[in-house]
Amino acid sequence: MQEHWDLSGRDVVPDLRAMARPADVGAAALHAMLSSSGTRWAPPYDEVRKNLQIRSKQVAPELQDQADQRFRTYMTLFRGIGLLYEESGVLESTEIGKNLLAALNEQYQRIDDFSQQIYGTYRAQLAHMVAPSLARYQLANPLTRDSYPPGTDIRPLLAIWRTMRKLDNKLHWEEMGRCLTICLKESEIDSAIEKIANARTQADYDPNNPVIMDQVLGPRRPDKGTNQSDRLDTWFSRAAFKNLLLEYRDGPDGYRHLNPEFISLIDETIEASSDPRQFEDRGEYVRWLGEAPENPTLVLAQSDDKFRNLIVEKCRRYGDRQIVALVGPAGTGKTRVAQEVAMALSEGDLTRILTVQFHAAFTYEEFVGGLAPSSSGGFEPSPGALVQINAAALASPEKTHVLIVDELSRADVANVLGELLTYIEYRNRPFLIPGLNERVSIAPNLVVIATMNPADRSVINMDDALVRRLRQIEIPPSSGALEAILTESGMENDLRGQVVRWFDGLPADAPFGHGLFVGMRNEHDLHDLWNESLRYFLRRGGITTYPNPEQIENGYVWRSSTYSSTSEV
């Protein structure tokens, strides 16, 4: 009879991010071998296997079966084309091999960075999808082979959330393994929480010291040896859905922390959870476990398919001769929409998307290309973002490539864009880039998407030549998106209604959007938002920067000190 949570499972929730990896087995082997330069070259080629990530379970299955002979075969190939060699039992890279490794790492890092941006767009949507199912998961269920005592009704993932919310939003694996894994009934959770809370009040409490843990919390149950953190990490991984609801790794203090982004969602899910149910039929249990929420709280109003598809169509119609500019005030989601449109145009191929962010010091050399300092102390030609993505588009003319220029209006646009102003329209005409001493033409399959804020001073100074080459699409503030944001943040209905009505009555040229209200839960938050952010869109340094600021101030009652968190009221 099983009297504790099962710790035999070692598989964790898979990583749902679209991260860069070598394209095939040979490419993976080459990257691993180049990364292993300077290490011992002899069977079983441990360092190469390590760099193949075989031990991290993030590698393609076919890489698990790479025999020693296969590595020697790869070595023959890579040595024959001048990338690697072996000397005195040590694997060495040639100069070309070192340069190739640097280029591959830069490519993978760029893709990973952009992937993180895209993943960030969908994190909230994923969290809302999976939280109800995770909360329903029962330790004793028709699918498990373990036999638990009659009356076992614990929902372990929900129990982990409840425990963390009661204990400063954090839990140590030792605390879980000594107090929580022995809870087989819902009614036992509060006692486990109280035991951990009392232990934490002791002056010498140190969850990283197993001797102290034995004294204050008792033995691990079950006890799987000196360090069983990896076994308990399985439960953290499930409660987090890999890297969503909990932080991905233990903090420096050894604790696993709740993700602050989703604390309100966790609270809502805990509050909405119903009593455990008993199932005999496996199919019935799985269907119940995987029921989608009837009323999902997250609505990406400006990012729905109809709106996104409209912009995609505009890009396909005008993107071969104009820059498609998404225009709107701060906080309207322009960057997110640009990323989603780029993903649609590139069919989800991140290697066909490049993002740059303009700023006041951004230069023509960074965007188009020119001379840049070299490692030898001199200068050498360095292609900019435009030339890089344009070369990729020219090399693959049947596929759409996308350059996203974020915050277009923050740079000296005419100077930075340079020849692009003319030749984005005349794509069959080569032009000379002096700093590169190279003639290029803009690929017909390259779409340039820009975001810009109409309140930026440089927008007013744009000349007609630039304006003519912009196809401007407005991304306005949205009261629907605001309501979704406040709902996700956990704001109660009446207050949320007041805020949405105020927002709905703002003038069309209001200088901020719905995105600034992310995380607002109560009147204190609204007070701080005004005094620490919103009011600076209207007045700065005592100077009025927005005409008739009273139109926006009126109705925002939370400006009053009455709503300050330091107020006695």
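**The sheet and its surroundings**

Trainee: What is the strand order in the open sheet?
Mentor: The open sheet has 5 strands in the order E6-E9-E12-E5-E13, with parallel pairing. Two strands pair if DSSP finds at least two bridges between them. Strands (E, at least two residues) and helices (H or I, at least four) are DSSP runs, numbered from the N terminus.

Trainee: Which are the edge strands?
Mentor: Strand E6 (353-357) and strand E13 (470-474), and each pairs on one side only.

Trainee: Before going on, what kind of model is this?
Mentor: It is a predicted model, where local features need pLDDT of at least 70, side-chain atom pairs count only at pLDDT 80 or more, and totals for chains, interfaces and linings use all residues. Residues are numbered from 1 along each chain as its sequence is written, and side-chain values use heavy atoms, with hydrogens and water left out.

Trainee: How many bridges join E5 to E12?
Mentor: Strand E5 (residues 323-327) and strand E12 (residues 446-452) run parallel and are joined by 4 bridges. Ala325 stands opposite Ala450 in E12.

Trainee: Which strands does H14 touch?
Mentor: Helix H14 (residues 334-345) packs on the sheet and touches E5, E6, strand E9 (401-406) and E12. Touching, or contact, means heavy atoms within 4.5 Å.

Trainee: And H16?
Mentor: Helix H16 (residues 385-395) also packs on the sheet, touching E6, E9 and E12.

Trainee: New topic. How many residues are in the largest nonpolar core?
Mentor: It has 48 residues, and those with the most contacts inside it are Trp161, Leu245 and Leu246. Such a core is a set of buried Ala, Val, Leu, Ile, Met, Phe, Trp, Tyr and Cys residues joined through side-chain atoms within 4.5 Å. Buried means under 20% relative accessible area, exposed over 50%, partly exposed in between (1.4 Å probe, protein chains only).

Trainee: Which helix gives the largest share?
Mentor: H6, with 6 residues.

Trainee: What does Leu246 touch?
Mentor: Not counting residues up to four places away in sequence, its contacts include Trp161, Met164, Phe236 and His257.

Trainee: Last one: is Glu553 buried or exposed?
Mentor: Glu553 counts as buried because its relative accessibility is 12%. Glu553 lies in helix H24 (residues 550-553). Leaving aside neighbours within four places in sequence, Glu553 is in contact with Trp530, Leu538, Arg539 and Arg559.

Methods
Axes fitted to C-alpha atoms, helices over the stretch in contact; angles between N-to-C directions.
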